[in-house]
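Here's a quick briefing to read alongside the coordinates. Have a look at the model, then work through the points below.

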Amino acid sequence: MILEHVLVLSAYLFSIGIYGLITIRNMVRALMCLELILNAFNINFVTFFDFFDNRQLKEDIFSIFVIAIAAAEAAIGLAIVSSIYRNRKSTRINQSNLLNN
């Protein structure tokens, strides 16, 4: 693939993620948009290392770390969202004021 095509794809994913974080008020969808941002970063990182460096071991290891952190973030985020839903009966960001009991 050409470098420009991958960068356009990554910018598109990043833009969708940022737009979703700004406009969407559902916590689960906000986590999905955060995952899109992390995936856009991962695509950029692997592409630039592949384009500028011939040693592939570093980019692969870092890419695996990014994927593992994204999976852990999704698991912890969904656990927090399910706990909030159990207590508040809503997953909307503007309705869940955690400081009030």
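Leaving aside its neighbours within four places in sequence, which residues is S10 in contact with? They are A40, I43 and N44. Keep in mind that this is a predicted model.

**S10**
- S10 sits in helix α1.
- Its relative accessibility is 2%, so S10 counts as buried, the cut-off being under 20%.

**How the two helices pack**
- Helix α1 covers residues 3–23 and helix α2 covers residues 27–52.
- Their axes come within 8 Å and cross at roughly 160 degrees.
- Angles over 145 degrees count as roughly antiparallel, and α1 and α2 are therefore roughly antiparallel to each other.
- As for handedness, α1 passes α2 in a left-handed crossing.

**Who meets whom**
- On the α1 side, the contact is made by L3, V6, L7, L9, S10, L13, F14, I16, G17, I18, G20 and L21.
- Facing them from α2 are A30, C33, L34, L36, I37, A40, I43, N44, T47, F48 and F51.
- Sort the residues of this α1–α2 contact by type and you get 18 nonpolar, 5 polar and no charged.

**A closer look at α2**
- With 26 residues, α2 spans 38 Å from its first C-alpha to its last, close to the 38 Å expected at 1.5 Å a residue.
- Buried residues in α2 are M27, A30, L31, C33, E35, I37, A40, N42 and T47.
- A40 is one of these buried residues, and A40 is also among the contacts of S10.

Methods
Residues are numbered from 1 along each chain as its sequence is written. This is a predicted model: local features need pLDDT of at least 70, side-chain atom pairs count only at pLDDT 80 or more; totals for chains, interfaces and linings use all residues. Side-chain values use heavy atoms; hydrogens and water are left out. Axes are lines fitted to C-alpha atoms, for helices over the stretch in contact, and angles run from 0 to 180 degrees between N-to-C directions. Helices (H or I, at least four residues) and strands (E, at least two) are DSSP runs, numbered from the N terminus. Angles under 35 degrees count as roughly parallel, over 145 as roughly antiparallel, 65 to 115 as roughly perpendicular and the rest as oblique. A crossing is left-handed if the near helix is turned anticlockwise from the far one by less than a right angle, and right-handed if clockwise. Contact means heavy atoms within 4.5 Å. Ala, Val, Leu, Ile, Met, Phe, Trp, Tyr, Cys and Pro count as nonpolar, Asp, Glu, Lys and Arg as charged, and the others, Gly among them, as polar. The expected span of a helix is 1.5 Å times one less than its number of residues. Buried means under 20% relative accessible area, exposed over 50%, partly exposed in between (1.4 Å probe, protein chains only).
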